[in-house]
Amino acid sequence: MERGHLLLIDGMALLFRSFYATAPRWMMNSRGVPTNAVYGVVKQIEAATNVLQPTHVVCCWDMGSTTFRTEWFPDYKANRGEPPHELIPQFDLAKEVVAMLGIPNIGVLGAEADDCIGSLVKQYREHMQISIMTGDRDLFQLLSEHVTVYLLAKGIGNYEAYTLERFTQEKGIQPHQLIDVKALMGDPSDNYPGVRGIGEKQAFKLIQRYGSIEGILENLANLTNAQQQKITEHLDLLHLSRKLAAIHCDIPISLRLEEARWDDERKWFAEVLEAIR
């Protein structure tokens, strides 16, 4: 039986990138609502479906700033300011437009879009080829023989494709080990610290050599005195950062795959764009 091809879209990444790629001041609809980000989302989906030729498409979204990660670590993403006021009304409009294209919008309170994408990957990776369109390299941890990540590049329809083979050759680790790398180095964008004093290059080298956080702790005596001190002093933050870095793939998602079927003949992008003007 021929495998289907599921395209999972990181709606938040797509919306923010589209917003900052164009000026909201010159794209307003007849009601005075900015539409630049929504317009970009539609054009990016049109390009992606033309390039990747999926049989099914789903778009995943964050559902607010409060998640299980903020319960674990209140400062998680606390460094991010409020979204621009021109973008705020486009959140709901973007979901409406995605639905007009016949694409299911998936979001779960308390979880992030990454967790929804990861849960769908876990559910369907044995049965379908999966492409993930995003701007977030954290999703590399989902790579496998049947999962490819397409990082949004400059311009519409341009991507940097990461397969399992490319990732392992470039990084020298397996995708699941990225979680432990992030636990060591932290993530300034998501505002969790990791082990202070251990940067990206050192984190990769440690995981390449010892395989995991457990492997490092078992071989602590083989590390430099400075590394030993940093890790032992920040052990609690190390374990917390690993929890924060991991995409959680057991989020309950209600989706009938038939709802996500992509039929190019019934997708009218021009009409959808006209409807938001």
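Strand β5 is largely enclosed by the rest of the structure, because six of its six residues are buried, where buried means under 20% relative accessible area, exposed means over 50% and partly exposed lies in between (1.4 Å probe, protein chains only). Helices (H or I, at least four residues) and strands (E, at least two) are DSSP runs, numbered from the N terminus. The model is a predicted one, in which local features need pLDDT of at least 70 and side-chain atom pairs count only at pLDDT 80 or more, while totals for chains, interfaces and linings use all residues. Residues are numbered from 1 along each chain as its sequence is written, and side-chain values use heavy atoms, with hydrogens and water left out.

From β5, Val 147, Val 149 and Leu 151 point one way and Thr 148, Tyr 150 and Leu 152 the other way, and all are buried. The strand belongs to an open sheet of six strands with mixed pairing, in the order β3-β2-β1-β4-β5-β6; its edge strands, each pairing on one side only, are β3 (105–106) and β6 (159–162). Two strands pair if DSSP finds at least two bridges between them. Strands β4 and β5 run parallel and are joined by five bridges, with Tyr 150 in β5 as the bridge partner of Met 133. The pairing of β5 with β6 is antiparallel, over four bridges; here Leu 151 stands opposite Glu 160 in β6, and Leu 152 has Tyr 159 in β6 as its bridge partner. The hairpin of β5 and β6 has six residues between the strands, and in this hairpin Gly 155 takes a positive phi near 95 degrees.

In helix α1 (residues 11–21) the buried residues are Gly 11, Met 12, Ala 13, Leu 14, Leu 15, Ser 18 and Phe 19, and what covers them includes β1 (4–10), α2 (36–52), β2 (56–60), α4 (88–100), β4 (128–134) and β5 (147–152). Helix α5 (residues 113–124) lies across β1, β2, β3, β4 and β5, and runs at about 170 degrees to β1; axes are lines fitted to C-alpha atoms, for helices over the stretch in contact, and angles run from 0 to 180 degrees between N-to-C directions.

In the loop between α11 (235–245) and α12 (269–275) is Ile 253, which counts as buried at 15% relative accessibility. Leaving aside neighbours within four places in sequence, Ile 253 is in contact (heavy atoms within 4.5 Å) with Ile 106, Val 108, Cys 116, Ser 119 and Leu 120. The C-alpha atoms of Ile 253 and Gly 107 are separated by 8.4 Å, although these residues are 146 residues apart along the chain.

Rings of Phe, Tyr and Trp (its six-membered ring) pair if their centres lie within 6.5 Å, with planes under 30 degrees apart counting as stacked, over 60 as edge-to-face and the rest as tilted. By this rule the count comes to seven aromatic pairs. One of them is the tilted pair of Phe 68 and Trp 72, at 5.1 Å centre to centre and 55 degrees between the planes. Both residues lie in helix α3 (residues 68–72), four residues apart, about one turn of the helix; Phe 68 counts as buried at 16% relative accessibility, whereas Trp 72 is partly exposed, with a relative accessible area of 31%. Another pair, Phe 140 and Tyr 162, is tilted because the ring centres are 4.4 Å apart and the planes are at 40 degrees. This pair links distant parts of the chain, with Phe 140 in the loop between β4 and β5 and Tyr 162 in strand β6, 22 residues apart.
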